[in-house]
Every structure is written in C-alpha cells, then in structure tokens.
Amino acid sequence: MFILLFFVLLIQFFTYWIFEPLASLLEYVLEIRLFPIIALIGLISLLSGKNIYKN
C-alpha cells in the first residue's frame, strides 16, 4: 500500500515538474494585458497581402 502511494506521489511530482513551467508560460502569454498585442499580430497576418489570392 505504501509502495503504491509512493509511486502515485512520485508520478504527481514529476507531472508537476514537467508541466508547471509550460502552464505558467501559457498563463503569462494569454493574460489580458498581452491580448491586444496577440490580436494585432493576428489581424496583421490575416489582412496581409500574402494571404490574398490575385486573379
């Protein structure tokens, strides 16, 4: 029983250790204060001349 508990805690620790930096980076990028910059980049790429097909 204690071995099973040890392995579960070990898996949780390594999962936190691997995914916590990724989650904090994603949270920082998707904050409201950075949303206008992301939206502006998306709008510029959407309306750029490279995406418009010419006849």
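Modeller: Phe 14 and Trp 17 sit three residues apart in helix α1, about one turn of the helix; helices here are DSSP runs of H or I with at least four residues, strands are runs of E with at least two, and both are numbered from the N terminus. The model is predicted, so local features need pLDDT of at least 70 and side-chain atom pairs pLDDT 80 or more, while totals for chains, interfaces and linings use all residues. Residues are numbered from 1 along each chain as its sequence is written, and side-chain values use heavy atoms, without hydrogens or water.

Rings of Phe, Tyr and Trp (its six-membered ring) pair if their centres lie within 6.5 Å; planes under 30 degrees apart are stacked, over 60 edge-to-face, and the rest tilted. By this rule there are three aromatic pairs. The pair of Phe 14 and Trp 17 is edge-to-face, because the ring centres are 6.1 Å apart and the planes stand at 65 degrees. Ring pairs also bring in Phe 13, giving a cluster of Phe 13, Phe 14 and Trp 17.

As for accessibility, buried means under 20% relative accessible area, exposed over 50%, and partly exposed in between (1.4 Å probe, protein chains only). Phe 14 is partly exposed at 39%, whereas Trp 17 is exposed at 58%.

The helix that carries Trp 17, α1, covers residues 2-29. Its 28 residues reach 40 Å from first C-alpha to last, close to the 40 Å expected at 1.5 Å a residue; the expected span is 1.5 Å times one less than the number of residues. α1 bends by about 40 degrees at Phe 19, and Pro 21 follows within four residues; the bend is the angle between axes fitted to the seven residues ending there and the seven starting there.

Turning to the rest of the chain, the secondary structure comprises two helices and zero strands. Of the 55 residues of the chain, 0% count as buried.
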